[in-house]
There are 2 protein chains.
Amino acid sequence: SNRYCVERNVFDEEPDVKVLTVATEKNHGLERFLRSARVYNINVEVLGEGKKWEGGDMKHEGGGHKVNLLKEKLTSMKIPEDRDQIILFTDSYDVMFLGSLDEIVKKFLEMSVRVLFSAEPFCWPDSSLASQYPDSQQLNPFLNSGGFIGYLPELLKILNFDIVGNKDDDQLFYTRVYLDEDYRESLRISLDHKSVIFQNLHGALSDVQLVANSTEEWPYLVNVVTKQRPLIVHGNGPAKLTLNNLSNYLAKSWSVSDGCVLCDEKRIVLDEDKLPKVMLSVFIEVATPFMEEFFQSILAIDYPKQKIHLFIRNGVEYHETEVENFYNAHSSEYFTAKRIKSTDLVGEAEARNIAKDRCIGSDCEYLFCLDSHARVEPDTLRYLLSTGYDVIAPLLVRSGQAWSNFWGAINSVGFYSRSADYMDIVNRSIEGIWNVPFINNCYLMNIALFRKPSAKHVSYLKEDTDPDMAFCASLRSAGIMMYVSNEKEFGHLVNSETFDVSRTNPDIYQVIDNKLDWEQRYLHPKYYEVFDNKEKQLMPCPDVYWFPLMSMRFCKEWIEVMEAFGQWSDGSNNDKRLESGYEAVPTRDIHMNQVGLDIQWLRILKDYVRPLQELVFTGYYHNPPVSVMNFVVRYRPDEQPSLRPHHDSSTYTINLALNTPHLDYEGGGCRFIRYNCSVKDTKPGWLLMHPGRLTHFHEGLLVTKGTRYIMISFVDP
Amino acid sequence: SNRYCVERNVFDEEPDVKVLTVATEKNHGLERFLRSARVYNINVEVLGEGKKWEGGDMKHEGGGHKVNLLKEKLTSMKIPEDRDQIILFTDSYDVMFLGSLDEIVKKFLEMSVRVLFSAEPFCWPDSSLASQYPDSQQLNPFLNSGGFIGYLPELLKILNFDIVGNKDDDQLFYTRVYLDEDYRESLRISLDHKSVIFQNLHGALSDVQLVANSTEEWPYLVNVVTKQRPLIVHGNGPAKLTLNNLSNYLAKSWSVSDGCVLCDEKRIVLDEDKLPKVMLSVFIEVATPFMEEFFQSILAIDYPKQKIHLFIRNGVEYHETEVENFYNAHSSEYFTAKRIKSTDLVGEAEARNIAKDRCIGSDCEYLFCLDSHARVEPDTLRYLLSTGYDVIAPLLVRSGQAWSNFWGAINSVGFYSRSADYMDIVNRSIEGIWNVPFINNCYLMNIALFRKPSAKHVSYLKEDTDPDMAFCASLRSAGIMMYVSNEKEFGHLVNSETFDVSRTNPDIYQVIDNKLDWEQRYLHPKYYEVFDNKEKQLMPCPDVYWFPLMSMRFCKEWIEVMEAFGQWSDGSNNDKRLESGYEAVPTRDIHMNQVGLDIQWLRILKDYVRPLQELVFTGYYHNPPVSVMNFVVRYRPDEQPSLRPHHDSSTYTINLALNTPHLDYEGGGCRFIRYNCSVKDTKPGWLLMHPGRLTHFHEGLLVTKGTRYIMISFVDP
Ligand SMILES: O=C(O)CCC(=O)C(=O)O
Ligand SMILES: O=C(O)CCC(=O)C(=O)O
Ligand SMILES: [Fe+2]
Ligand SMILES: [Fe+2]
Ligand SMILES: [Mn+2]
Ligand SMILES: [Mn+2]
Ligand SMILES: [Mn+2]
Ligand SMILES: [Mn+2]
């Protein structure tokens, strides 16, 4: 160290620093690396650009090619006379700069060594060498070759230590040098055990922490064990995905005050005259609720249909008719149209590959994949195009669930795992464009990517693997990064888990799993108005309220469900459906549990009826509402035309009109005897709500013609 | 019989018939016998009248005196020449005629015998003689001497069969004659086995039936075994009481169309100037509810107090003060007054005898006994006097029970047994004056009866016997008949069974056992008005009704019960009295079960509150009302002054004001929030009734001064 001090004093000037990397291919990893260099004003020379890579698959041993490219470069370099020449070498595809070169060199100089390699906890690729390390018990004992810094003369001596084949392993080469005690000591080679400069992520995930909630403008990475803030991060090996996640924040990608910095860096303004051709690929792989609305959403996409190649693949027989109807009605509006029917015996992965390959092989510039579960806003396609990202999905979430169309992380077996920021992204408590390991259901891809040789293995097809998982895995292998945007609301996912096409009108059963779509179709359009304006409360009889609850369509379909079932009770006092077996005031009816609508109806009570109740019967809270008697009543002149005066066993009763007086029937209505007040001018979808007992002795008035249907619940009995 | 036919033809004339009986004493039995003869125009000669009876106690062997008196009479009789002389002999005290002499003789002549004795199922008094009877297996095989009919010559021969002592048994005498085969056959003596004429009741109770519901005007007796209607009935031995019961109907005592014929036969019009002196004897033997009203009823007796000797015996320390107060205030108004205190250590029977003996030994003409349980109308005494009966009770019944102040029958051990007509008398579905074996609590006695030697054993005192039972038994032994009248409503009995003087205001606990008295004192005087006039329903807020329920006195005493108990809850959410241990909206209160008023209050709910509910909340029936939360609330400025908005866990809630705003407190009241309507001008004893849930969110308004008390029930939770 004494000698070094003298040497230091030889030069007044700052040392000359050269930053080198190797990248034979331009890919998203290199793009990210260079962006991080740019952010910190670091000038990087990329070695091997345009050359053929001979270093093997980066997931395994290999990389000797990197050593030879570096050796060639350093050998050719002229050593300045008045100052030291320092070389910083890093990998590129899996590395990011987290600070400026000044900071890096300052730290290096403070360490008073001639060469500093990054360090890691695994002795790789030859773990038997561990015992030759001078101290293998300390933190990160072993050499990693993804990053090193040192003086040019010493580095030249290292590179000339031995001959290395392009396919030999670079890390093994440098390890052998380091383990040679003569070399190590004479060249003063050291390892950055404490990640003062270099942070290798593999095996260190619990050592590092992303700090985004400090007073600093930019999120940073801290090694909580050594208290260092590393300046270069290396997502070595399987930690590549961790780096992808960190890259959403680090290197000034995210601003604590302004949010997503990355979002605007590639933004394109679409030229209306030169809109790119898009292949819209629609996939219907399982029976899916609310398909009517799905087709409407396709038609509503804000993009010239003449710029769209339509591709529809339907794998579900149940949907064939509506697909057929849609296709026949609209395919001609598109630039081209292609269809795979459920009867075509094409598998999902195959179908998806067909779409991709059709796009690759055509004038198509983008492939927009859209599954039947995805429900997007009309402007989604334009938005995705304008981001400038190659592979990007709009965030879509199942209403009321955490289930979305992306994964924040992937576990060791390649399956879904939740990232720390997953819920923040799903909930949009942070908004941006996010590098993620998996997307599906709806995404846009720049098809040019797939025309490159590096993407030749990209496919949806992999044995025993879900097509989406296979596809995303192949994208990751090809170094193609996927993004999900939650910059805005783009739509949602429907849930087909409980969709039972053996039911009549199965969509009406979906109030629990697809609340949003269900509301849209089945809730009365004016349902919410009463909450905005208390003056709108209607009271046709004392303490009897009247609300718009359900849509006309609901009423029609609900009746259809009952009539399809058809087993109306016989109107006698003996009723086997009841625990007691006895009903004092029988109606001709069908109970909701007979048609499998009981839990759905209870959800309707909880989500739509209860808020109305709380609005008008102040101070009464009973959540969830309890109701065992939920049934549709049918009144007919020749069957049971009326209901005698009675009380209901309820705290409050709801009475939903399902059809229309004077149109569907004559007579009918509900009379409240103590108030001598009748409600006869009922409207379908409108709900009467009245106390069940004591005050509201009531009767069902005589139906003289036609059929009257009402839906009744005795709430909180 | 051939010979008899010849003899019959000897005379053209009807036979001469002489009816004889023996009665040395004029008593109620004889009176009844003679009345029955009179009713059927039968001329009876009573032998032995005024003579000293030497025939012994009629319950045992004896009666030879009767034979000798008859023998003397028949021996002295002149036998008519132109016709047969027939003799009909019967007992008197236990016999009644049920038909005319013509009918009797006609039946006798049809039987073609010379002498006919009545027959019975017991061989008495010497059962060893049974084997000497010609046929002891037939119905009523044995001779009874209480009645016989025969020709004078044959009877003379019979009477001369042997000498008989006055103390010898008459029945044994005639039996010996009958068992002498010579006598039996030569004199053609026969027994009335089939009760063609004579019906002995002992051992035949299931053979006979009183028929009062035929088309005939007069009830009659039928022997259902032999299909005969006997013409003379003999209540021999223990059947005396059965005869007493039958005598209420037979011998035209009861008219199917006009009812009680006997009632008017002795009726007296009281001479206002010569009203008899009455000793009013009051007995307080057990702690008795509603004594205040008892003393009022005594003062209200419609009779000049100067004609009354007042005698008050109090055996109950608890009542001493009020007796003292009454005595001090009123004794001087009476002609004389005498008092026995609870401290005088006089037993009940002794006390009752003292009263009787004081009356006997004074100028008193009637003894009117009145127990603390008896509550009589003011005119009862005058009515009893006017009946002309010697011993007569007004029918008094416990309200709502079958328990009365008389017994319809007595079983073999001398205790209460129900007669066939007991309930009809109690319910007054038949009205009259009824010969019964037991009366108590309130009765009038003609004291002259007790001055006769035959009554010298009459007493309330008999070891191990209830004084009333002892007394009535001794009356029955003395041949003194007791009557109960139900001609009108005379009052009722209070029930002291559950009267618990350890309670504060114990009378208020008596709503179940003494409903009538309780209502009188505690029910609001206008309670019943709302039922007459629906216009009177008050509704201070929507569906909140307002009724007068309780008297001012109720309110005062109810508060006193609570404050005497004093353990008001602490107003916190933790309440050990509740099953859940938790009360969300606590008040400072005392629950009815804490002061032993729970079942009483439930009765009030059922009997007084429920009818109001049914009146106003049409169609709601819930009987009995269920209520687990019944409590008095106390509001005070420095304790708990108000109650936050809430619902009650009830179908309907009742809220009874117990004291008076602006007098007892300032502020307070109940506000119904949804209707923005308050009830503040509450009146003590007035009840608010309102739905508990949903519509009637309510709060207890702030009490700013004094103490407000209310009684609350959550009915049908
Ligand atoms: O006919 C009506 O509207 C009344 C029906 C009703 O009260 C019931 O089903 O309980
Ligand atoms: O203070 C009042 O009148 C209301 C009392 C009340 O609502 C209750 O006790 O539940
Ligand atoms: Fe109803
Ligand atoms: Fe309340
Ligand atoms: Mn490597
Ligand atoms: Mn690397
Ligand atoms: Mn006798
Ligand atoms: Mn007798």
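Predicted model: local features only at pLDDT ≥ 70, side-chain atom pairs only at ≥ 80, totals over all residues.

User: Are Phe173(A) and Tyr174(A) buried or exposed?

Analyst: The cut-off that matters here is 20% relative accessible area, under which a residue counts as buried. Phe173(A) has a relative accessibility of 2%, while that of Tyr174(A) is 3%. Phe173(A) is therefore buried, and Tyr174(A) is likewise buried.

User: How many residues apart in sequence are the parts that Tyr249(A) and Trp434(A) tie together?

Analyst: Tyr249(A) and Trp434(A) form a tilted aromatic pair, with 5.6 Å from centre to centre and 45° between the planes. Tyr249(A) is buried at a relative accessible area of 6%, and Trp434(A) is buried at 1%. Because Tyr249(A) lies in the loop between α8 and β12 of chain A and Trp434(A) lies in strand β23 of chain A, the pair ties together parts whose distance in sequence is 185 residues.

User: At what distance from the ring centre of Tyr178(A) does Arg184(A) lie, and over which ring does the charged end of Lys266(A) sit?

Analyst: Two cases of a charge over a ring can be taken in turn. Arg184(A) lies over the face of Tyr178(A), and its distance from the ring centre is 5.2 Å. For the charged end of Lys266(A), the distance to the ring centre is 4.9 Å, and the ring belongs to Tyr389(A).

User: How many salt bridges does a search of the whole structure find, and what ties Arg176(A) to Asp162(A)?

Analyst: Over all chains, the search finds 89 salt bridges. Arg176(A) lies in helix α6 of chain A and Asp162(A) in the loop between α5 and α6, so their pair ties together parts that are 14 residues apart in sequence. Arg176(A) is partly exposed at 36% relative accessible area, and Asp162(A) is partly exposed at 28%. With N and O 2.6 Å apart, what joins their side chains is a salt bridge.

User: Which residue forms a salt bridge with Lys266(B)?

Analyst: Lys266(B) lies in the loop between β13 and β14 of chain B, and its partner lies in helix α2 of chain B, so the pair ties together parts that are 235 residues apart in sequence. Lys266(B) is partly exposed at 28% relative accessibility. The closest N and O atoms are 2.5 Å apart, and the partner is Glu31(B).

User: Are the partners Arg352(B) and Asp371(B) buried or exposed?

Analyst: Arg352(B) forms a salt bridge with Asp371(B), in which the closest N and O atoms are 3.0 Å apart. This pair links helix α11 and strand β17 of chain B, so it ties together parts that are 19 residues apart in sequence. At 2% relative accessibility Arg352(B) counts as buried, and at 4% Asp371(B) counts as buried.

User: How many salt bridges cross the interface of chain B and chain A, and which residue of chain A pairs with Arg674(B)?

Analyst: The contact takes 18 residues from chain B and 19 residues from chain A, and it buries about 1,500 Å², of which carbon and sulfur atoms give 64%. The rule finds 10 residue pairs in polar contact across this interface, and the number of salt bridges there is two. For Arg674(B), the closest N and O atoms are 2.9 Å apart, and the partner is Asp543(A).

User: With which side chain does the side chain of His622(B) make a polar contact?

Analyst: His622(B) is in the loop between α18 and β32 of chain B and counts as partly exposed at 32% relative accessibility. Leaving aside residues up to four places away in sequence, His622(B) touches Arg610(B) and Asp716(B). A polar atom of the His622(B) side chain also lies 3.4 Å from the backbone oxygen of Pro624(B). The polar contact from side chain to side chain, at 3.3 Å, is with Asp716(B).

Conventions
Residues numbered from 1 in each chain as written. Chains lettered and ligands numbered in written order. Heavy atoms only, no water. Buried < 20%, exposed > 50% of the residue type's maximum accessible area, 1.4 Å probe, protein only. Phe/Tyr/Trp six-rings, centres within 6.5 Å; stacked < 30°, edge-to-face > 60°. Helix = DSSP H or I, 4+ residues; strand = E, 2+ residues; numbered from the N terminus. Lys NZ or Arg CZ within 6 Å of the ring centre and 35° of its normal. Contact = heavy atoms within 4.5 Å. Buried area = accessible area lost by both parts, 1.4 Å probe. Salt bridge = Lys/Arg side-chain N within 4 Å of Asp/Glu carboxyl O. Polar contact = N/O pair within 3.5 Å; in protein donor to acceptor, adjacent residues only side chain to side chain.
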